[in-house]
Amino acid sequence: MRHTMMPYELTLTSIFNRARALYSNVEVVTRLPDKSIRRRTLGEFDLRARKLASALRRAGLSKGDRVATLSWNHDVHLEAYFGIPISGCVLHTLNLRLHPDDIGFVASHADDRVVIVDDVLLPLFEKFRGAIPNLEKTIVVRLTDAPIPEGTVDYESFIDSGDATESLPELSENDVMGMCYTSGTTGKSKGVAYSHRAIALHSLAAALADTLAISRSDTVLPVVPMFHANAWGIPFAAVMVGAKLVMPGPHLDAISLLDLFERERVTLAAGVPTIWLGILEALDREPLRWKLSPGLRMVVGGSAAPESMIRAFDKHGLRVVHAWGMTETAPLGSVSHVPPELESGSEDDRYAARAKQGIPSPFIEVRAVGDDGKVPCDGRTPGELEVRGAWVAGSYHQLESERDRWTADGWFKTGDVVTIDALGCIKITDRTKDLIKSGGEWISSVDLENELMGHPAVKEACVIAVPHPKWAERPLAAVVLKEGQVATSDELKAFIGAKFAKFWVPDEVVFVTAIPKTSAGKFLKSALREQFRGRT
Ligand code: AMP
């Protein structure tokens with residue numbers, strides 16, 4: 001039997017046209033580098049993105065050609081997020097926090113033909129532009145009054161060469177809409193090429209009530225950069241549902257963000273835990289300074305959200321929504337909400353559930369696979385998390401050497417070590433390479449970090465394995481104290497000792513002024529290991 005449904009391609013063009021038809025008055029607000037505010041609407045965005053799409057085609061680019069961005073989160077980057085894919089070209093977001101040599105590698109590997117770059121980022125761009133062999137055009141977005149260099153094109157004049165009334169090309173849902181490279185802490189970045197279909201479905205999933213629940217009534221501020229994992233797909237989902245967007249530009253310190261949350265009545269923000277830890281510290285210091293939207297939701301992902309942080313934000317009336325994902329999963333994989341089964345249970349159980357990474361979104365399947373290749377299912381035995389689904393990468397872009405990241409039966413090996421409980425809730429205990437094996441027993445660095453970050457004097461804590469002659473490995477904790485706070489190593493060990501088995505307690509707690517971070521703001525454990533190499 002044949003189905004009787006219409007053929008209908010799941011593309012970004014459909015999301016884009018919907019916003020045009022329904023939400024042209026919705027605001028897109030940008031805070032510029034000088035901290036002034038620029039207000040545009042989705043109507044203006046629609047017009048400008050169409051002009052961009054047309055200008056790209058008139059400039060000779062065709063389907064599948066890569067157009068890169070090197071930009072902060074702002075309204076023009078949003079135009080590129082749509083204007084590039086609806087033209088049939090591929091949006092390639094360059095991660096400006098990577099080392100210039102690595103950005104050059106990524107831009108060359110992706111074969112970028114055009115780069116759209118913020119004027120404030122031109123000095124960085126200059127450091128790697130020579131590494132892009134087929135670069136034809138550099139288009140500069142002017143966020144300041146500085147003149148643009150010779151040999152580049154002003155973004156405004158570029159889009160003026162396009163015609164907003166030109167019809168958009170018919171696209172297939174299997175066409176590539178964009179690319180992101182992993183910001184791997186080891187080895188070279190790996191590219192993932194997303195289909196229109198994957199991102200269209202991902203956008204729908206992000207709007208579900210039990211995931212991020214992004215809706216028309218939200219004012220959404222993605223702190224997570226648009227150059228990292230599609231800003232978690234939030235710009236696409238926000239345009240799809242007509243949510244007001246607030247783009248923070250380059251100022252991502254706690255005070256600047258809180259000012260913007262208050263000023264624009266933000267209801268949903270998203271970022272990595274380090275951002276939220278800074279915000280929490282600011283709120284604790286001056287709890288009455290900002291009048292935030294009651295129930296402001298903060299999507300936290302990228303690394304584990306410590307339970308103590310979730311509790312602490314609740315005291316300020318702000319709700320942490322904990323999500324897990326990766327570049328290879330576009331990135332939304334799972335989101336944590338308290339399941340109804342636990343609503344009548346203890347408060348501790350509810351918090352413990354929220355600190356887990358949650359249940360998989362529809363169209364994402366998960367399993368935890370043990371060392372022996374068998375699938376553990378008792379909820380206690382950790383195994384490597386494997387995923388498959390509608391927006392999970394099936395390979396890397398032109399990189400055969402990594403084929404073994406996929407199993408013979410088609411699952412992607414995430415490298416995260418997890419347990420999955422009876423309710424299907426995922427709990428990450430570590431990255432496979434970060435687990436500590438002491439005397440043959442596993443110790444979770446994530447659990448130790450989360451506990452330490454629950455201590456009132458601790459701002460950040462990062463736990464790594466150091467070699468040990470007897471136990472093979474022992475945990476070492478590097479701790480950053482909050483401003484003006486004191487704590488001793490013994491005090492912190494006793495604090496952890498109250499919660500964990502004795503052998504879990506780090507042999508050493510060292511105090512540092514900062515923990516090295518990856519380009520995405522995650523703890524860079526490899527750098528810390530290097531720093532403490534030889535420590536036993
Ligand atoms: P990336 O591709 O840079 O987004 O990194 C993906 C990795 O970040 C995952 O494989 C996890 O190791 C980690 N990660 C993301 N979200 C979480 C989370 N909620 N809790 C713990 N780790 C996370």
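Reply: Buried area here means the accessible area, taken with a 1.4 Å probe, that two parts lose on being put together, summed over both. In this predicted model, the area buried between domain 1 and domain 2 comes to about 370 Å², and carbon and sulfur atoms give 56% of that area. On the side of domain 1 that touches domain 2, the residues divide by class into one nonpolar, three polar and one charged. The domains themselves are set by the domain assignment of the protein chain, which places domain 1 at 12-197 and domain 2 at 435-531, and their C-alpha centres lie 40 Å apart. Where the two touch, five residues of domain 1 are in contact with five residues of domain 2. Zero salt bridges are counted between domain 1 and domain 2, while one residue pair in polar contact is found across their interface, with both residues at pLDDT 80 or more.

Turning to the ligand, 16 residues surround the molecule, and the closest are Ala323, Thr327, Asp416, Arg431 and Lys522. Thr327 places a polar side-chain atom 2.8 Å from an oxygen atom of the ligand, and the side chain of His228 has an N or O atom 3.4 Å from an oxygen atom of the ligand.

Terms used. Residues are numbered from 1 along each chain as its sequence is written. This is a predicted model: local features need pLDDT of at least 70, side-chain atom pairs count only at pLDDT 80 or more; totals for chains, interfaces and linings use all residues. Side-chain values use heavy atoms; hydrogens and water are left out. Domain bounds come from an automatic or database domain assignment. Contact means heavy atoms within 4.5 Å. A salt bridge is a side-chain nitrogen of Lys or Arg within 4 Å of a carboxyl oxygen of Asp or Glu. A polar contact is a pair of N or O atoms within 3.5 Å; within protein, one must be able to donate a hydrogen and the other to accept it, and residues adjacent in sequence count only if both atoms are side-chain atoms. Ala, Val, Leu, Ile, Met, Phe, Trp, Tyr, Cys and Pro count as nonpolar, Asp, Glu, Lys and Arg as charged, and the others, Gly among them, as polar. A residue is near a molecule or strand if one of its heavy atoms lies within 4 Å of it.
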